[in-house]
Amino acid sequence: MAETSPAPTHRTVALLGAMGSGKTTLAEAMLHRAGAIPRMGSVEQGTTVCDHEPEEVARGASLGLALAWLTWTVGGADQGVTIADTPGHPDFVGAVDAALSVADVAAIVVSAVDGVTGGTRTAWANAGAAGVPRIVVVTQEDRARADFRRTVDQLRDAFGPGLWPLELPLGEEHAFRGVADILSERALVYEGDGRHHDEDVPDELAAEEHRMHQEVTEEIVARDDAQLEAYLDGEEPGAPELESTFAAAMAAGEAVPIVVCSGLTETGVDHVLDLLCDLAPTGGAHDGRILLGVDGEGLGGTEHRVAPQENGDTLVHVFRTVADPFVGQVAMFKVLSGVVRPGDRLRNATTGGEERIPALFRLRGAEHVPADAIRTGEVGAVAKLTATPARSLLWTRPQGAARPTPLPARAPVYATTLEPVSQSDDAKLTTALARLTAEDPTLVVDRSGSLTILRGLGDTHVAVAVERLARVLGVHVTTGAAPVAYRETIAHTAQAEGKLKKQSGGHGQFAVVQLKLSPLPPGGGFAFVDSVVGGAVPRTYIPAVERGAREALAAGGPLGHPVVDVQVELLDGKAHSVDSSEMAFRTAAALGVKAALADAHTVLLEPVSTVTVTVPTDLQGPVLTDLSGRRGRVHASESADDGRARVVASVPDAELDRYVLDLRALTGGQAELTIAPDHYEPAPGPHC
């Protein structure tokens with residue numbers, strides 16, 4: 001049944017963090033504590049709400065963006081929360097970007113066992129780059145070797161002193177039984193069912209808790225003149241007043257709270273939800289940002305802030321689409337202004353298409369929870385939109401153009417070839433790949449001759465895409481290693497004649513061309529020069545000669561690769577008044593180019609890319625050594641803004657086939673990598 005009385009406030013909480021930090025288990029515990037699900041599922045058993053795709057169940061890890069709607073009661077008032085569970089695997093950072101584009105707060109999930117890892121640093125940086133307020137949730141406090149205080153020290157060492165614990169654990173590891181609330185100075189002791197009762201803070205924690213209470217209180221009141229004056233007069237603000245001031249500092253990015261819980265036992269989970277609702281900004285508390293065009297004449301990039309007004313014009317941001325094998329395309333969206341109801345007619349401000357909105361729902365993993373309306377600041381979903389890809393805006397304006405602010409650029413670093421299994425698969429492949437890349441813009445499809453190449457952010461990224469291609473879109477392919485895009489060029493000038501003379505009754509085929517091939521500077525591409533005098537080759541056939549030369553060079557030289565950086569000059573030729581044709585001169589030109597290439601001693605060129613690696617400084621040495629072993633030439637080794645080391649090098653593509661995988665193994669997943677094609681240069685060996 002549709003929800004007819006939605007919560008008056010709503011928050012979208014993006015769960016970010018390293019693989020294995022407990023994000024999905026925390027989401028499961030939140031849903032259970034809120035009564036949205038009758039019992040908790042298990043990641044190991046593949047029964048969680050958020051990891052519901054078969055590819056995720058098989059790997060026991062989140063591989064995409066999952067939304068989970070719940071309502072939570074704080075102070076007698078219901079509040080809506082949409083959990084956006086994101087992957088910790090670096091191959092799927094595109095899902096993190098999509099979640100952060102609509103999140104009101106980023107919950108950085110950190111394991112009390114593993115502490116701060118490369119995945120934690122990446123999550124922190126992504127949230128900061130997106131301008132989303134952060135809260136740190138330390139999980140797995142019930143596990144062996146859990147250490148909350150060590151984790152807090154690591155967090156402050158990594159991200160600065162603006163992180164403030166608002167809780168202390170009561171016991172650790174298997175003895176973890178509750179939390180001490182630092183603002184209220186009360187202990188929340190949990191029973192076996194995940195519910196708690198209040199007690200005085202235990203004696204063994206009282207001194208530490210009170211010291212931290214004073215530190216946090218002084219930090220908070222320093223941000224509010226009235227509270228500071230009262231505090232100096234001996235009047236300490238109560239917990240609600242402290243939370244209000246802390247919330248303002250958190251929204252401004254000036255303070256980050258740290259809380260602690262166990263998703264598995266649910267200890268502390270209800271208090272995490274309380275603090276999220278008390279501290280995090282609501283979905284309607286901040287302006288949405290779009291790039292605004294003028295009268296549909298294109299998008300000039302002028303940034304415009306949209307006031308989140310429920311009674312204003314409707315503006316909807318479609319931030320993610322997912323292909324569903326049962327209902328077709330599902331579009332996830334956030335309402336930036338106004339209200340969306342079934343039957344509304346909206347125009348796509350990005351593509352210009354018109355949409356009639358069908359039934360609305362909120363997502364809870366794979367479950368569709370019907371809704372009669374989605375209001376300002378809320379996240380919802382709709383199926384079967386026909387003209388609205390991801391990263392579109394829907395609005396009520398009859399004209400004009402707009403789009404969301406762009407997501408971070410994520411250049412592919414891994415590739416594989418796709419070969420359709422059957423003729424039927426071949427016929428559907430292009431359309432299926434278009435749907436796949438619309439769902440995940442970090443996937444890129446290249447056509448190289450007869451090859452179809454799928455590029456992504458890693459081997460798992462590409463493998464999952466191929467699995468979804470078969471399961472959801474019904475297209476089966478085999479995969480192989482993507483070839484290196486070698487090229488050839490000529491070492492010196494060569495001349496040759498191209499002649500076509502055939503007579504088989506009726507009109508024959510006749511054309512003769514004299515061609516000269518000359519090398520161009522690197523990057524010169526192709527040039528054609530017509531030096532014919534006296535009309536030996538009629539003007540109408542000159543374009544055919546150029547086309548035949550281009551096609552012959554593209555088809556490959558003696559080494560089997562396309563030939564580049566060549567000038568083809570037409571010196572002379574012959575034509576027949578009856579038997580000559582455009583096709584005859586095109587063929588003759590191709591024959592002449594092939595003959596000249598055989599005499600020009602072509603040189604094999606290999607592609608070279610610019611590789612940028614950012615790593616902790618203690619890993620800079622191993623990265624430099626590894627790049628050297630890959631024939632890399634280091635151009636720069638410098639300090640990044642965050643204190644890490646940045647290495648920039650030129651590396652031949654032949655050495656980069658599995659580099660992203662080797663780099664992650666070398667650095668324990670702490671490296672950031674970009675690869676950008678740069679230039680070609682002679683390859684080592686007998687052909688250079």
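Colleague: Is E219 buried, partly exposed or exposed?

Modeller: This is a predicted model, and in it E219 has a relative accessible area of 26%. Because that falls between 20% and 50%, E219 counts as partly exposed.

Colleague: Which side chain does E219 meet in a salt bridge?

Modeller: That of R223, at 2.6 Å from N to O. R223 is partly exposed too, at 34% relative accessibility.

Colleague: And D530, what does that pair with?

Modeller: The D530 side chain forms a salt bridge with R539, with an N to O distance of 2.6 Å. D530 has a relative accessible area of 28%, so it is partly exposed. R539 counts as exposed, at 55%.

Colleague: How many salt bridges does the structure hold?

Modeller: The count is 33.

Colleague: What about K334, buried or exposed?

Modeller: K334 is buried, at 4% relative accessibility. Its side chain makes a salt bridge with that of D104, 3.0 Å from N to O. D104 is buried as well, with a relative accessible area of 1%.

Colleague: Where do K334 and D104 sit?

Modeller: K334 is in strand 15, residues 328-337. D104 is in the loop between helix 3 (93-100) and strand 4 (105-111).

Colleague: Which residues are linked in a network of salt bridges?

Modeller: E53, E55, E439, R468 and R471 are linked that way.

Colleague: OK, changing topic to the nonpolar side. How many residues are in the largest core?

Modeller: That core has 102 residues. M30, L65, I108, V136 and L155 touch the most other members.

Colleague: Which helix gives the most to it?

Modeller: Helix 9, residues 269-279, with 7 residues in the core.

Colleague: Back to V136. What does V136 touch?

Modeller: Leaving out residues up to four places away in sequence, V136 touches I108, V110, W124, L155, L163, V256, P257, I258 and V259. I108 and L155 are, like V136, among the core residues that touch the most other members.

Colleague: Which residues are in the other core?

Modeller: Apart from the largest one lies a core of 35 residues, including A323, L429, V477 and A649.

Technical notes. Residues are numbered from 1 along each chain as its sequence is written. This is a predicted model: local features need pLDDT of at least 70, side-chain atom pairs count only at pLDDT 80 or more; totals for chains, interfaces and linings use all residues. Side-chain values use heavy atoms; hydrogens and water are left out. A nonpolar core is a set of buried Ala, Val, Leu, Ile, Met, Phe, Trp, Tyr and Cys residues joined through side-chain atoms within 4.5 Å. Buried means under 20% relative accessible area, exposed over 50%, partly exposed in between (1.4 Å probe, protein chains only). Helices (H or I, at least four residues) and strands (E, at least two) are DSSP runs, numbered from the N terminus. Contact means heavy atoms within 4.5 Å. A salt bridge is a side-chain nitrogen of Lys or Arg within 4 Å of a carboxyl oxygen of Asp or Glu.
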